[in-house]
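This briefing covers helix packing and a few selected residues in one protein model. Please have the structure open while reading.

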Amino acid sequence: MTEQFRVDPPTVADERVLLQGFLDYHRGTLLWKLSGLTDEQLVQRAVEPASMSLIGLVRHLSEVEKYWFHRALAGHDSPPKYWSAEFPDGDFDHVDPAVVAEDLEDFRQIIKTSDALAANYSLDDTFYRPGQEPLHSVRYLYIHMIEEYARHNGHADLLRQRLDGATGE
């Protein structure tokens, strides 16, 4: 069975359903950009001198999901897996084709947890980022995450095209 990566967001729905739909669409777009490539291609840095790779983007967005949904919104202790103070770009720099499947499974599980956590809050609920101001709403969080994915999906477009010439919307 072929994995369905992207589902178009609804065109008519309440605000929460629209925001979730667009976030899911962009998450799916990232996975779609990876489809059909080898593990070696997924770790390849195809746009020098940038250290970005497609799996690096997945790892980076895993960390972004954990930071915003798990740590900031829900207050969970969810330390970074891929980067540290010593290796601030570890999500991009320490990629390995031998663990691509694990990185992808982590990404999928992090998304499931993010969605489960967010479901406990209304769009008007507010939170502070760890140790920072100002106050943020859950609505802001959804919009920020959509923007984050959209920007990095643009990077994924360039990386994919450089790897095998594939283009897409």
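The model is predicted. Helix α1 spans residues 15–34 and helix α3 spans residues 54–73, while helix α6 covers residues 138–164.

**Packing of α1 and α3**

- The axes of α1 and α3 come within 9 Å and cross at roughly 155°.
- Angles over 145 degrees count as roughly antiparallel, and α1 and α3 are therefore roughly antiparallel to each other.
- The α1 and α3 crossing is left-handed.
- On the α1 side, the residues that meet α3 are Leu23, Arg27, Leu30, Lys33 and Leu34.
- Their counterparts in α3 are Leu54, Leu57, Val58, Leu61, Glu65 and Phe69.
- Sorted by class, the contact of α1 with α3 has eight nonpolar residues, three charged residues and no polar ones.

**Packing of α1 and α6**

- The axes of α1 and α6 come within 9 Å, with a crossing angle of roughly 20°.
- Since angles under 35 degrees count as roughly parallel, α1 is roughly parallel to α6.
- The crossing of α1 and α6 is left-handed.
- The residues in the contact of α1 with α6 comprise 13 nonpolar, four polar and seven charged.

**Glu65 in α3**

- Glu65 is placed in helix α3 and is one of the α3 residues that meet α1.
- Its relative accessibility is 0%; the cut-off for buried is under 20%, so Glu65 counts as buried.
- The side chains of Glu65 and Ser114 are joined by a polar contact of 2.8 Å.
- Beyond neighbours within four places in sequence, Glu65 is in contact with Arg27, His70, Ile110, Ile111, Ser114, Met145 and Tyr149.

**Val64 in α3**

- Val64 belongs to helix α3 and is buried, with a relative accessible area of 10%.
- Leaving out residues up to four places away in sequence, Val64 touches Met145 and Glu148.
- Val64 and Leu37 are 27 residues apart in sequence, and their C-alpha atoms are 24 Å apart in space.

**Glu148 in α6**

- Glu148 lies in helix α6 and is buried, at a relative accessible area of 8%.
- A polar contact of 3.4 Å links the side chain of Glu148 to the side chain of His60.
- Apart from neighbours within four places in sequence, Glu148 is in contact with His60, Leu61 and Val64.
- Among these contacts of Glu148, Leu61 is also listed with the α3 residues that meet α1.

**His136 in β2**

- His136 is found in strand β2, residues 135–137.
- With 8% relative accessibility, His136 counts as buried.
- A polar atom of the His136 side chain lies 2.9 Å from the backbone oxygen of Pro134.
- Not counting residues up to four places away in sequence, His136 touches Trp68, Asp125, Thr126, Phe127 and Arg129.
- His136 and Asp8 are separated by 128 residues in sequence and by 27 Å in space, C-alpha to C-alpha.

Notes. Residues numbered from 1 in each chain as written. Predicted model: local features only at pLDDT ≥ 70, side-chain atom pairs only at ≥ 80, totals over all residues. Heavy atoms only, no water. Axes fitted to C-alpha atoms, helices over the stretch in contact; angles between N-to-C directions. Helix = DSSP H or I, 4+ residues; strand = E, 2+ residues; numbered from the N terminus. Parallel < 35°, antiparallel > 145°, perpendicular 65-115°, else oblique. Left-handed = near helix turned anticlockwise from the far one by under 90°. Contact = heavy atoms within 4.5 Å. Nonpolar A, V, L, I, M, F, W, Y, C, P; charged D, E, K, R; others polar. Buried < 20%, exposed > 50% of the residue type's maximum accessible area, 1.4 Å probe, protein only. Polar contact = N/O pair within 3.5 Å; in protein donor to acceptor, adjacent residues only side chain to side chain.
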